[in-house]
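Student: I have a structure to go through and would like to do it by question and answer. Where shall we begin?

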Amino acid sequence: MAKVAILGFGVVGSGVAEVIRRNGEHIGQKLHASVELKYILDRRDFPDSPFADLVIHDFSVIENDPEVEVVVETIGGAGAAKEFTLRALKAGKSVVTSNKELVAKHGYELMKLAQEHNVSYLYEASVGGGIPIIRPLKQCLAANEITEICGILNGTTNYILTRMIRAGLSFDAALKEAQQNGYAEADPTADVEGHDACRKICILASLAFGRHIYPEQVPTEGISGVSLADVAYADSCGRKIKLLGRAILGADGKVRAFVAPHLVSGEAPLAGVEDVFNAITVKGNAIGDVMFYGRGAGKLPTASAVVADVMDAVSRRDRPKFMDWGPGGKEVTLPPEDVKSPWYVRAKATAEALRSAVGEVTVLARAGAPEGETAVLAPAMTRGELEEKLSGIGVQTLFRVLED
Ligand code: HSE
């Protein structure tokens with residue numbers, strides 16, 4: 001019998017409680033040991049919940065209870081979540097989390113601490129919700145040198161972009177709809193400005209390349225600058241705008257990681273990833289390209305990954321699983337400025353001015369374009385080269401085009 005405590009009874013925490021209770025018998029059969037929920041820690045009470053009798057408000061009860069073997073941290077953020085995680089690991093309890101902010105900011109030290117105490121720190125649910133991606137990257141693709149990861153890592157922004165593309169909604173209207181549907185938070189900044197996707201690409205890149213890559217090392221641009229004009233120009237050349245998190249291993253051994261809107265060919269698998277779905281493509285030197293696709297957020301999909309980690313922690317109680325990576329450092333990454341790609345440029349300029357500045361361009365058209373606005377696709381070059389060529393031109397939008 002393994003006893004579990006959940007920290008934070010929000011969307012994911014309550015999903016974890018539900019899955020453990022609903023699938024208890026099935027989990028017991030697979031594990032040859034039953035998993036039982038003993039405590040739920042939250043500041044609030046939940047008198048109408050079927051789990052009301054498990055709710056406590058003092059973490060030290062969990063910390064000091066030797067029966068609790070696994071702590072599920074679904075509080076989020078890097079404040080109380082970090083403190084309780086440190087205390088749980090030091091108390092010899094395995095910790096399972098869906099908290100990408102904590103793993104992206106402090107994963108290395110938490111994994112080290114887990115090793116010192118011979119317990120597991122597992123975080124499958126922190127990227128891609130219910131999509132299995134952490135274990136496949138660490139284990140199933142272990143024989144490869146991974147050279148690139150590229151993904152749609154945030155469901156809220158993918159929903160907003162899908163509604164702009166399919167229904168012609170403005171960014172503000174699509175965001176409002178996402179909030180009404182419960183996808184976007186009341187404060188949507190972390191999703192819309194790309195911070196959530198940044199944390200997730202940090203975790204994937206750290207795992208794939210073996211050194212901690214911190215959010216400060218990943219230039220991040222969200223989707224608040226994407227307009228319906230850009231959507232229309234992208235459509236005119238058979239492309240869709242997607243927010244991508246990318247991490248590329250250069251020949252110099254340095255990682256270039258970044259988050260930014262891209263134009264993606266309508267034929268590319270990532271273009272077909274719509275609404276709140278996520279997808280992650282991984283390039284390995286033996287496997288070639290592989291893609292992971294599924295529900296990247298939501299109560300039960302995310303709980304599914306959390307509970308699988310709980311089962312793993314229990315089944316490996318004497319030989320914990322270390323899903324770890326090495327320490328970070330400035331030398332691990334370089335800014336993505338030298339990554340070459342074709343570009344989409346929208347500017348207050350004539351097509352002639354853009355052509356003479358940038359060279360051979362494909363001029364795009366859209367209905368209702370105002371006088372003096374031109375959009376083009378420019379050939380592959382670095383951002384630095386492009387910006388130099390465009391100096392003196394009133395650029396409105398600059399997005400990379402993902403090469404096929
Ligand atoms: N806010 C996140 C998203 C939730 O929209 O993808 C899952 O991490």
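Student: By class, how many nonpolar, polar and charged residues are in the lining of the largest pocket?
Tutor: A pocket is an open set of points on a 1 Å grid over the protein atoms alone, with protein on both sides within 12 Å along at least five of seven lines, and its lining residues have an atom within 4 Å of a point. Ala, Val, Leu, Ile, Met, Phe, Trp, Tyr, Cys and Pro count as nonpolar, Asp, Glu, Lys and Arg as charged, and the others, Gly among them, as polar. By class, the lining of the largest pocket has twelve nonpolar, 18 polar and ten charged residues.

Student: Before going on, what kind of model is this?
Tutor: Residues are numbered from 1 along each chain as its sequence is written, and side-chain values use heavy atoms, with hydrogens and water left out. Local features need pLDDT of at least 70, side-chain atom pairs count only at pLDDT 80 or more, and totals for chains, interfaces and linings use all residues, since the model is predicted.

Student: About how much space lies in the largest pocket?
Tutor: Grid points are joined across faces, edges and corners, and a volume is the space filled by probe spheres set on the points. For the largest pocket that space is about 1100 Å³.

Student: Which residues of the largest pocket lie nearest its centre, and which elements give two or more residues to its lining?
Tutor: The lining has 40 residues, and those nearest the centre are Val12, Lys100, Tyr183, Glu185 and Asp196. The elements that give two or more residues to this lining are α1 (11–22), α5, α7 (155–167), α9 (189–192), α10 (195–209) and α12. Such elements are DSSP runs numbered from the N terminus: helices are H or I with at least four residues, and strands are E with at least two. The residues nearest the centre, to repeat, are Val12, Lys100, Tyr183, Glu185 and Asp196, and the elements are α1, α5, α7, α9, α10 and α12.

Student: Which helix gives the most to the lining of the largest cavity?
Tutor: A cavity is a set of grid points where a 1.4 Å probe fits but cannot get out, and the count comes to one cavity of 30 Å³ or more. Its lining is Met111, Ala114, Gln115, Tyr121, Lys321, Phe322, Met323 and Asp324. With three residues, the helix that gives the most is the one at 100–116, α5.

Student: How far does α12 reach from its first C-alpha to its last?
Tutor: Helix α12 covers residues 299–315, which is 17 residues. The expected span is 1.5 Å times one less than the number of residues, and for α12 this gives 24 Å. The model is close to that, and α12 reaches 24 Å.

Student: Is His262 buried or exposed?
Tutor: His262 lies in strand β9. Its side chain joins that of Arg246 in a polar contact of 3.1 Å, that is, a pair of N or O atoms within 3.5 Å, where within protein one must be able to donate a hydrogen and the other to accept it, and residues adjacent in sequence count only if both atoms are side-chain atoms. Buried means under 20% relative accessible area, exposed over 50% and partly exposed in between (1.4 Å probe, protein chains only), so at 0% His262 is buried.

Student: What does the side chain of Ser49 reach?
Tutor: Ser49 lies in the loop between β2 (35–41) and β3 (55–56). Ser49 is buried, with a relative accessible area of 18%. At 2.9 Å its side chain reaches the backbone nitrogen of Phe51.

Student: How many disulfides does the structure hold?
Tutor: A disulfide is a pair of cysteine sulfur atoms within 2.5 Å. Cys140 counts as exposed because its relative accessibility is 61%. Cys150 is in no disulfide, and its nearest cysteine sulfur, that of Cys198, is 15 Å away. The number of disulfides is zero.

Student: Which phi does His32 have, positive or negative?
Tutor: Most residues other than glycine have a negative phi. His32 sits in the loop between α2 (24–31) and β2, and at 74% relative accessibility it counts as exposed. Although His32 is not a glycine, its phi of about 60° is positive.
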